[in-house]
Amino acid sequence: MNQLFPVSCVELEVRLRASEQQLELSNFKCSLKVAFSAGLTDSGPVGPFDEETTLIFSKTITNVGRAYNQSAGVFTAPVRGLYFFSFTAADYLKGYMGVYLYRNNQPIIFNLGLNDHGGYTSVSNSVALQLEEGDGVRLGLPASYRLYDDSRNFTVFSGFLVFPL
C-alpha cells in the first residue's frame, strides 16, 4: 500500500467480486418471471368436507417459474417481493360457498357467498401481498362448504410477481 492508494489490490479485488455478485443477483431478480393460473378440477362438485380442506388446483393453465405446486395446491414465493393473487370460486347448488386465502397458514381473505336461488354463482377477490422467499399462499375450502368446476374453469386461482424487493 502507498499513501496515495490506502487500499491494497487484494482488497479492491475482493470488493469488486462482491459488487459483481450483487449485480448478478440483482439482474437475476429483475429478470425473474413468476406467474401461474390453475383451474380446480374437471370433476364437477368439490366438497362439502367434514373439515377445512386445502384446494388442489390440478389444472395448470400456466406456471411460469414453476412456483405453483399443483400436487399440494400451494404457491411458494421464489424470492422476496410483492405478489398479486386473484381467485374466482363458483357453485350452482343452493347453499354456502366460500374460500379462504392463506399466507403461511394465516388467513388473509375470506370470501363467502350464499346461493339462495340455485343456478351458477361465483365470488372473486384479489390481493397484493409482500412475501418473503419461501412463503406459501394457498386457498382453503371451509368445512361444509362446496364449490364447482369443470372443463370450463369456473373456479380459478392465479398469481404473479409484481416486482422483487
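A salt bridge is a side-chain nitrogen of Lys or Arg within 4 Å of a carboxyl oxygen of Asp or Glu. The model discussed here is predicted, and for that reason local features need pLDDT of at least 70 and side-chain atom pairs count only at pLDDT 80 or more, while totals for chains, interfaces and linings use all residues. Residues are numbered from 1 along each chain as its sequence is written, and side-chain values use heavy atoms, with hydrogens and water left out.

The whole structure contains five salt bridges. In one of them, the side chains of lysine 59 and aspartate 42 meet with N and O at 2.9 Å. This pair links distant parts of the chain, 17 residues apart: lysine 59 is in strand E4 (residues 59-64), and aspartate 42 is in the loop between strand E1 (35-39) and strand E2 (44-46). Strands (E, at least two residues) and helices (H or I, at least four) are DSSP runs, numbered from the N terminus. Lysine 59 counts as buried, at 16% relative accessibility. Here buried means under 20% relative accessible area, exposed means over 50%, and partly exposed lies in between, with a 1.4 Å probe and protein chains only.

A further salt bridge joins the side chains of glutamate 132 and arginine 80, with a distance of 3.1 Å from N to O. Glutamate 132 lies in the loop between strand E10 (121-131) and strand E11 (136-141), and arginine 80 lies in the loop between strand E6 (74-76) and strand E7 (81-91), so the pair ties together parts that are 52 residues apart in sequence. Glutamate 132 is partly exposed at 37% relative accessibility, and arginine 80 is partly exposed at 34%.

Aspartate 91 and arginine 146 also form a salt bridge, in which the closest N and O atoms are 2.8 Å apart. Aspartate 91 belongs to strand E7 and arginine 146 to the loop between E11 and strand E12 (147-149), so parts that are 55 residues apart in sequence are tied together. Both partners are buried: aspartate 91 has a relative accessibility of 2%, and arginine 146 one of 14%. Elsewhere, salt bridges that share partners join Asp42, Lys59 and Asp149 into one network.

Beyond its neighbours within four places in sequence, asparagine 115 is in contact (heavy atoms within 4.5 Å) with residues including Asp91, Tyr92 and Thr121.

The nonpolar interior comes next. In soluble globular proteins, nonpolar side chains tend to be buried together. A nonpolar core is a set of buried Ala, Val, Leu, Ile, Met, Phe, Trp, Tyr and Cys residues joined through side-chain atoms within 4.5 Å. The largest such core has 31 residues, of which Leu55, Phe75, Tyr83, Phe85, Leu101 and Phe157 touch the most other members. At least two core residues come from each of E1, E7, strand E8 (95-103), E10, E11 and strand E13 (156-164). Not counting residues up to four places away in sequence, phenylalanine 75 touches several residues, among them Val34, Phe36, Tyr83 and Leu131.

Finally, leucine 147 is found in strand E12 and is buried at 0% relative accessibility. Its C-alpha atom is separated by 9.0 Å from that of leucine 93, although leucine 147 and leucine 93 are 54 residues apart along the chain.
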